[in-house]
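Here's a quick briefing to read with the model open beside you. We'll go through charge pairs, a helix and a loop residue.

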Amino acid sequence: MPLRDDAGPLDDRWTRVEPGEDLAERSLLGFTDADERGPSLAGIDPARLGLHVANDVQPDALVPWFDKISLISIDFPSFADGRGFSIARALRQRGYTGRLRARGPVIADQYAYLRACGFDEVETPEAVSNRQPEAQWAEISAVERLRYQRGYPGARNILDARREARG
């Protein structure tokens with residue numbers, strides 16, 4: 001599946017490791033599998049471990065993993081299912097500083113909102129990528145969006161921008 005961030009397409013250096021398989025150089029484990037492996041993951045460089053979670057995971061369940069991993073991939077089973085947005089935002093609010101990946105059939109029009117919630121990159125199925133050329137993603141990446149809500153990282157609030165413009 002194609003992977004991209006603000007700079008464009010990325011090479012995916014992560015290997016999805018199934019339960020029972022040996023770890024790879026950079027292993028992306030399912031949350032249940034990682035939990036079952038438990039102590040065997042102790043001492044592994046966090047840069048080598050990532051978690052893939054379902055879109056119904058409780059963010060608090062991931063907090064103990066923050067210092068053990070460098071990537072959390074959140075499943076988006078449908079572009080219309082927004083639970084991943086809430087999970088990403090909650091993880092950032094709880095202090096997660098590693099990479100966040102949205103994985104699934106999200107569309108380019110959602111990219112700015114994914115970034116606003118804390119995602120760093122997007123992994124989409126081939127079918128979605130084929131319908132939405134890289135130029136479309138790049139155009140969305142370049143647009144600065146003001147938001148009504150305060151508190152999004154790196155974003156200005158519309159009301160604050162208006163206040164600044166007046167005075």
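Is Asp81 buried or exposed? Asp81 counts as buried, because its relative accessibility is 15% and the cut-off for buried is under 20%. Keep in mind that this is a predicted model.

**Salt bridges**
- The structure holds 14 salt bridges.
- Asp81 pairs with Arg83, with N to O at 2.7 Å; Arg83 is partly exposed, at a relative accessible area of 42%.
- Arg99 and Asp5 also form a salt bridge, and their closest N and O atoms are 3.7 Å apart. That pair ties together distant parts of the chain, since Arg99 sits in strand 7 and Asp5 in strand 1 (residues 3-5), 94 residues apart.
- Arg99 is partly exposed at 32% relative accessibility, while Asp5 is buried at 15%.
- Asp120 bridges to Arg115, the closest N and O atoms being 4.0 Å apart. Here Asp120 is buried at 19% relative accessibility, and Arg115 is partly exposed at 30%.
- Shared partners join a set of residues into one salt-bridge network, including Asp5, Arg99, Arg101 and Glu121.

**Helix 3**
- Helix 3 covers residues 83-93, and its buried residues include Phe85, Ile87 and Leu91.
- Among the elements covering those buried residues are helix 2 (59-62) and helix 4 (111-117), along with strand 6 (71-75).
- After helix 3 comes Gly95, with a positive phi near 105 degrees.

**Leu23**
- Leu23 lies in the loop between strand 3 (15-17) and strand 4 (27-30), and is partly exposed at 30% relative accessibility.
- Beyond its neighbours within four places in sequence, Leu23 contacts Leu29, Arg37, Leu41 and Ile44.
- Leu23 and Arg48 are 25 residues apart in sequence, with their C-alpha atoms 9.1 Å apart in space.

Notes:
Residues numbered from 1 in each chain as written. Predicted model: local features only at pLDDT ≥ 70, side-chain atom pairs only at ≥ 80, totals over all residues. Heavy atoms only, no water. Buried < 20%, exposed > 50% of the residue type's maximum accessible area, 1.4 Å probe, protein only. Helix = DSSP H or I, 4+ residues; strand = E, 2+ residues; numbered from the N terminus. Contact = heavy atoms within 4.5 Å. Salt bridge = Lys/Arg side-chain N within 4 Å of Asp/Glu carboxyl O.
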